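Thanks, everyone. I have one structure to go through today, and I will keep to what can be computed from its coordinates.

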Amino acid sequence: SWKFTKHTIAPAEEEPSIEPEEESSEIDLDVDYQLISSSGDKALDISGGVTAENKRGNVVAFRKKETGLENQTIRFEYDAEKDEYLIYNPTSNLYLDVAGASKEEDASVIFFPKNGNCNQRWKIKKSGDAYKISSVCSNKNLAISETTKIGSAYSLAIFSDGSSSSE
């Protein structure tokens with residue numbers, strides 16, 4: 001499960017800082033968020049940082065940062081007709097994507113240019129005090145893969161309900 005924390009990043013000429021807000025029960029499409037693991041210590045992160053020139057990036061769960069959050073910033077696009085979301089990093093304009101549209105257990109999740117296919121579309125459902133984010137292609141949940149690390153961070157992948165302790 002995941003939690004969404006709204007935040008703002010200071011302009012480039014100022015020292016970067018985060019202004020955390022209350023966790024929201026609704027997703028505001030005009031706000032930057034940090035996607036936080038249900039344990040609260042890890043955030044969705046683009047491995048190696050972000051630039052507008054990135055063409056794809058590894059999605060990892062890394063130590064939640066309080067400053068310099070461009071690589072931990074996400075936004076949402078919402079399709080009300082389908083009740084589906086696209087999740088993207090506004091700096092790189094890359095979208096959360098199940099690699100190769102895989103439906104396999106522990107399939108890698110990456111950031112990739114927008115194509116709008118089902119591997120970039122997500123259902124978001126309230127689950128207790130957090131949210132489950134599931135791939136439209138497979139109905140599997142976004143979770144931390146305890147089996148794959150990139151440096152000191154864990155990869156993100158999709159899993160069936162109950163098959164990952166880090167959902």
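This is a predicted model: local features need pLDDT of at least 70, side-chain atom pairs count only at pLDDT 80 or more; totals for chains, interfaces and linings use all residues.

The protein has 167 residues, and 46% of them are buried. In secondary structure, there are 12 strands and zero helices. As for contacts with a separation of 6 or more, 53% of them link residues 24 or more positions apart. The exposed surface comes to about 8100 Å², and 44% of that is supplied by carbon and sulfur atoms.

Now to strand S12, residues 153-159. How many of its seven residues are buried? Six are, which leaves the strand mostly covered.

Which strands pair with S12? Let me go through S11, S4 and S8 in turn.

S11 covers residues 141-150 and runs antiparallel to S12, with six bridges between them. S11 and S12 form a hairpin with two residues between the strands. In that hairpin, Gly151 has a positive phi, near 65°.

S4, residues 57-63, is also antiparallel to S12, and two bridges join them. Here Val60 has Ser155 in S12 as its bridge partner.

S8, residues 107-113, pairs with S12 over two bridges, again in the antiparallel sense. On this side, Ala107 is partnered with Ile158 of S12.

Last, the disulfide. The count for this model is one. It links Cys118 and Cys137, with an S to S distance of 1.7 Å. The angle about the S-S bond is 85°, and the link is right-handed.

What does this pair tie together? Cys118 sits in the loop between S8 and S9, the latter being residues 122-127, while Cys137 sits in the loop between S10, residues 130-135, and S11, so the link connects parts 19 residues apart in sequence.

Are the two cysteines buried or exposed? Cys137 has a relative accessible area of 15%, and it counts as buried because the cut-off is under 20%. Cys118 comes out at 26% relative accessibility, so it is classed as partly exposed.

To recap: S12 pairs with S4, with S8 and with S11, and the one disulfide joins Cys118 to Cys137. That is the end of my part.

Methods:
Residues are numbered from 1 along each chain as its sequence is written. Side-chain values use heavy atoms; hydrogens and water are left out. Buried means under 20% relative accessible area, exposed over 50%, partly exposed in between (1.4 Å probe, protein chains only). Helices (H or I, at least four residues) and strands (E, at least two) are DSSP runs, numbered from the N terminus. Two strands pair if DSSP finds at least two bridges between them. A disulfide is a pair of cysteine sulfur atoms within 2.5 Å. Contact means heavy atoms within 4.5 Å. Accessible areas come from the Shrake-Rupley method with a 1.4 Å probe; for residues, only the protein chains shown count as cover.
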